[in-house]
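Thank you all for coming; I would like to take a few minutes to go through one model with you. Please have the sequence and the structure open while I talk.

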Amino acid sequence: MNPSHIEHIGIAVKDLDVAISYYEKLLGSKCYAVEEVADQKVKTAFFKIGQTKIELLASTDPEGPVGKFLEKKGEGVHHIAFAVEGLQEQLTLLAEEGMQLIDKTPRKGAEGLNIAFLHPKSTFGVLTELCEHPE
Ligand code: CMX
């Protein structure tokens with residue numbers, strides 16, 4: 001797959017404002033974007049560390065993926081996202097190798113990226129996201 005870098009690490013939090021305040025102190029930089037991703041039932045907040053981002057994820061619906069995660073596991077690392085090229089081709093190859101895909105085709109995620117998730121049951125328990133910058 002040869003990803004170029006870790007695009008972001010997603011962290012599930014209960015209270016976005018409290019978590020933003022903590023990360024602003026920890027990283028010594030301001031949160032540069034807050035965005036609601038309605039179809040994922042989350043509100044996100046972003047920080048940059050070099051090429052990699054921290055994506056804080058607060059749930060907007062207890063039945064959404066982050067709402068369910070917080071209920072089951074509590075706050076913590078929710079997913080890791082790798083930057084790749086040729087996302088659709090990568091997904092086709094992974095499916096051929098027997099990987100369980102959550103998204104068989106890319107969809108739009110936060111910041112306009114094309115994204116797709118691999119199921120944690122196929123990835124040693126780590127929900128894995130592949131991201132591609134649109135052309
Ligand atoms: N990391 C690791 N394991 C996870 C997980 C996560 N983030 N979320 C759920 N699981 C595990 C659960 O613990 C559970 O394991 P057990 O069967 O051993 O108990 C199993 O997956 C099923 O969990 P569930 O609560 O019943 O949830 P669903 O099966 O309905 O959904 C998943 C799980 C991963 C398919 C769903 O969360 C999903 O589609 N995620 C991708 C989309 C997403 O996470 N969006 C939010 C971020 C959006 C963004 O970054 O913009």
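Which helices and strands each supply at least two residues of the lining of the largest pocket? What you see is a predicted model, and in it the elements that do so are β1 (5-13), β3 (42-49), β4 (52-59), α2 (65-73), β5 (76-83) and β7 (114-118). The pocket itself has a volume of about 820 Å³, and of the 33 residues that line it, the closest to its centre are Pro65, Phe69, His78, Pro120 and Leu127. If we sort the lining by class, we find 16 nonpolar, 8 polar and 9 charged residues.

In α2, the buried residues are Val66, Gly67, Phe69 and Leu70. Following α2 comes glycine 74, with a positive phi near 80 degrees.

Let me set α1 beside this. Helix α1 covers residues 16-27, and at 1.5 Å a residue its 12 residues should span 16 Å, which agrees with the 16 Å between its end C-alpha atoms. Its buried residues are Leu16, Ala19, Ile20 and Tyr23, and because they fall within an arc of 105 degrees when seen down the axis, they line one face of the helix. As a reminder, an α-helix has 3.6 residues a turn, so residues three or four places apart point the same way. The buried residues of α1 pack against β1, β2 (33-37), β3 and β4, whereas Asp17, Val18 and Lys25 are exposed on the face turned away from the buried side.

Isoleucine 102 sits in the loop between α3 (87-96) and β6 (107-108), and with a relative accessible area of 41% it is partly exposed. Leaving aside neighbours within four places in sequence, isoleucine 102 is in contact with Phe117, Leu118, His119, Pro120 and Leu127. Pro120 and Leu127, you will recall, are among the residues closest to the centre of the largest pocket. Isoleucine 102 and threonine 128, for their part, are 26 residues apart in sequence and 9.8 Å apart in space, taken C-alpha to C-alpha.

Notes:
Residues numbered from 1 in each chain as written. Predicted model: local features only at pLDDT ≥ 70, side-chain atom pairs only at ≥ 80, totals over all residues. Heavy atoms only, no water. Helix = DSSP H or I, 4+ residues; strand = E, 2+ residues; numbered from the N terminus. Buried < 20%, exposed > 50% of the residue type's maximum accessible area, 1.4 Å probe, protein only. Contact = heavy atoms within 4.5 Å. 1 Å grid on protein atoms, 1.4 Å probe; cavity = no way out; pocket = protein on both sides within 12 Å on 5 of 7 lines; lining within 4 Å. Points joined across faces, edges and corners; volume = space filled by probe spheres on them. Nonpolar A, V, L, I, M, F, W, Y, C, P; charged D, E, K, R; others polar. Expected span 1.5 Å × (residues − 1). Arc of directions from axis to C-beta.
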